[in-house]
Amino acid sequence: MPVSPAAGAATRDGASGETTTGSIAWAPCEEEPTAECGKLAVPVDWSNPNGEKIDLAIARRKATDPAARIGSLVINPGGPGGSGVESVYGATWFTDELKKHFDIVGFDPRGVGRSHPVICSASVYNQMPHTVISSQAQFDAWDAFTKKLHKDCRERTGPLYDHVDSRNVARDMDALRAALGEEKLTYYGISYGTLIGQMYAEMFPNRIRALALDSNMDHSLGVAGFLATEAVAVEDAFDQFVGWCEADESCVLHGRDVRAMWKDLLAKARRGELYYPAAPDRPMTELQVIYNAALGTEGPDWRTLSEVINWLSGGPEPSWVPPLPGRGPVEGDVAELPTRILCQDYNLRVRNYAEYAALMKVSNTLAPDVRYHPYPYDDLPICLNSTPTNPPHRLNYTGDAPILLGNSLHDPATPYMWSANVGRQLGSKATLLTYEGWGHRIYGKDECSTVPIDNYLISLTVPPKGFRCEVGGKAEIMAKRQPGRLWPTDRLNWGGSLVTPSFRTGG
């Protein structure tokens with residue numbers, strides 16, 4: 001692939017391991033002229049730094065107070081599939097204090113968005129079977145389909161298809177650090193963006209200034225642990241939602257048996273008798289119903305979730321109607337497949353339907369209301385016949401810079417136990433900031449969860465061990481903190497269609 005003349009080329013010195021690069025040519029972004037955009041050429045295969053290259057898309061907003069500027073803060077919103085460029089476009093949720101001290105810099109990771117996305121033929125992608133498997137015959141159909149899908153996507157995407165794991169992204173991020181002229185990296189990552197940060201810590205332990213990892217992935221998990229912990233998390237988040245409805249009269253379901261209503265919707269979906277009023281052309285699947293539990297507790301946006309449950313049960317239309325979640329056919333010639341990144345970072349392969357059914361039974365037991373977490377189960381079959389190139393393992397960080405972790409207690413996407421386990425793996429070098437509240441991502445939720453992250457990134461002040469951000473013990477507190485719609489709709493659009501998110505995260 002030819003390298004853009006505007007892109008600085010990054011290579012790695014074979015003797016020293018140092019990344020060398022030209023400067024990035026910045027210009028106003030076409031889509032958002034108030035931000036600056038540029039490109040950085042990186043090797044498709046970092047073991048062959050002089051081989052074929054791709055351009056990474058980069059965006060930044062310069063520090064608002066040049067005299068107080070510390071350097072560049074690189075950010076990633078998660079995914080896999082989240083756009084760091086678009087995060088910079090809409091970086092209004094960072095505090096004024098943080099924006100005063102840093103250029104906010106985001107990039108679309110390799111295989112994502114504007115950085116040579118992983119693509120497949122729409123005609124092949126649209127043959128995808130239903131992602132929740134219920135028989136050996138369906139498992140066999142998926143086994144055959146994934147072989148066809150991977151072959152097609154590899155041909156469409158090119159050699160990059162086999163080089164999109166988070167270790168490769170960490171190498172790209174080090175090239176970006178060098179291109180920005182930073183001796184050490186200052187980084188804030190959310191959700192799947194934390195895995196990029198964790199891999200960077202392993203690979204470049206002495207090049208870290210500050211690493212703030214918000215709502216962490218746990219890369220030590222195999223498929224059984226991954227699915228089980230996700231089921232526990234989404235059930236806990238749903239419990240919190242039910243508790244709010246029981247306690248707060250503003251919930252449209254207040255005074256009704258929310259769990260019974262929910263289980264009735266799942267049963268109707270299994271029988272093919274439930275239709276989404278905004279998309280009446282085909283019955284809703286149980287998976288699509290369950291998606292509402294995960295998406296509605298991510299913000300959280302309990303009000304919309306309660307209104308959707310009421311609507312599906314025959315009540316009035318919600319004040320805002322979320323799109324119908326779940327994978328759907330894409331229009332046009334190509335479909336993007338960021339799930340490929342997940343398949344290279346985690347081993348989600350199962351041998352047969354018996355193993356799959358055993359995993360599902362565990363999830364059903366751990367999540368009696370929600371049944372299972374929709375994100376990983378929607379992604380898992382795509383990872384059949386895909387060998388991880390960055391297989392799960394315990395973190396091995398040998399650097400001295402302290403790392404700040406954060407998580408809410410009731411996060412449906414990245415369970416609190418994931419961040420706690422990452423903290424155990426990092427030992428004394430990590431501090432876990434616990435937000436005793438709800439939803440995915442803690443930065444920006446409350447002053448007590450935001451200021452400590454700012455202080456760490458700006459002045460390298462680490463909060464005390466065991467620091468907890470107390471938000472009160474009653475669910476109705478959260479009701480007063482929901483300023484309108486918080487449903488993470490960005491997770492519902494990729495490839496130009498209504499499709500499923502990978503658990504991400506950020507997103």
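Select helix 7 together with helix 9, and note that helix 7 passes helix 9 in a left-handed crossing. The model on the screen is a predicted one.

**Helix 7 against helix 9**

Helix 9 covers residues 286-298, and its axis comes within 9 Å of the axis of helix 7, with a crossing angle of roughly 70°. Helix 7 is therefore roughly perpendicular to helix 9. To view the contact itself, display the side chains of V234, A237, F238 and F241 on helix 7, and those of A293, A294 and T297 on helix 9.

**Helix 7 against helix 12**

The crossing of helix 7 past helix 12 is right-handed, whereas that of helix 7 past helix 9 is left-handed.

Next, colour the residues that meet here. Helix 7 contributes V223, A224, L227, A228, A231, V232 and E235, while helix 12 contributes L359, V362, S363 and L366.

Select D174 and R207, which form a salt bridge whose closest N and O atoms are 2.4 Å apart. D174 belongs to helix 5 (residues 166-179), and R207 lies in the loop between helix 6 (192-203) and strand 10 (208-214). The two residues are 33 residues apart, and the pair links distant parts of the chain. Is D174 buried or exposed? D174 is buried, with a relative accessible area of 0%. R207 is buried as well, at 13%; the cut-off for this class is under 20%.

Continue to R271 and E273, another salt-bridged pair, with the closest N and O atoms 3.0 Å apart. E273 is partly exposed, its relative accessible area being 46%. For a linked group, select E31, E86, D108 and R114: salt bridges that share partners join these residues into one network. The structure holds 28 salt bridges.

**The hairpin of strands 11 and 12**

Select strand 11 (residues 275-276) and strand 12 (residues 279-283), which run antiparallel and are joined by two bridges. These strands form a hairpin, with two residues between them.

**S72 in strand 6**

The tour ends at strand 6 (residues 71-76), where S72 is found. S72 is buried, with a relative accessible area of 5%. Which residues does S72 contact, leaving aside its neighbours within four places in sequence? Display F102, D103, V105, L180, E182 and T186 around S72 to see these contacts.

Note on methods:
Residues are numbered from 1 along each chain as its sequence is written. This is a predicted model: local features need pLDDT of at least 70, side-chain atom pairs count only at pLDDT 80 or more; totals for chains, interfaces and linings use all residues. Side-chain values use heavy atoms; hydrogens and water are left out. Two strands pair if DSSP finds at least two bridges between them. Helices (H or I, at least four residues) and strands (E, at least two) are DSSP runs, numbered from the N terminus. A salt bridge is a side-chain nitrogen of Lys or Arg within 4 Å of a carboxyl oxygen of Asp or Glu. Buried means under 20% relative accessible area, exposed over 50%, partly exposed in between (1.4 Å probe, protein chains only). A crossing is left-handed if the near helix is turned anticlockwise from the far one by less than a right angle, and right-handed if clockwise. Contact means heavy atoms within 4.5 Å. Axes are lines fitted to C-alpha atoms, for helices over the stretch in contact, and angles run from 0 to 180 degrees between N-to-C directions. Angles under 35 degrees count as roughly parallel, over 145 as roughly antiparallel, 65 to 115 as roughly perpendicular and the rest as oblique.
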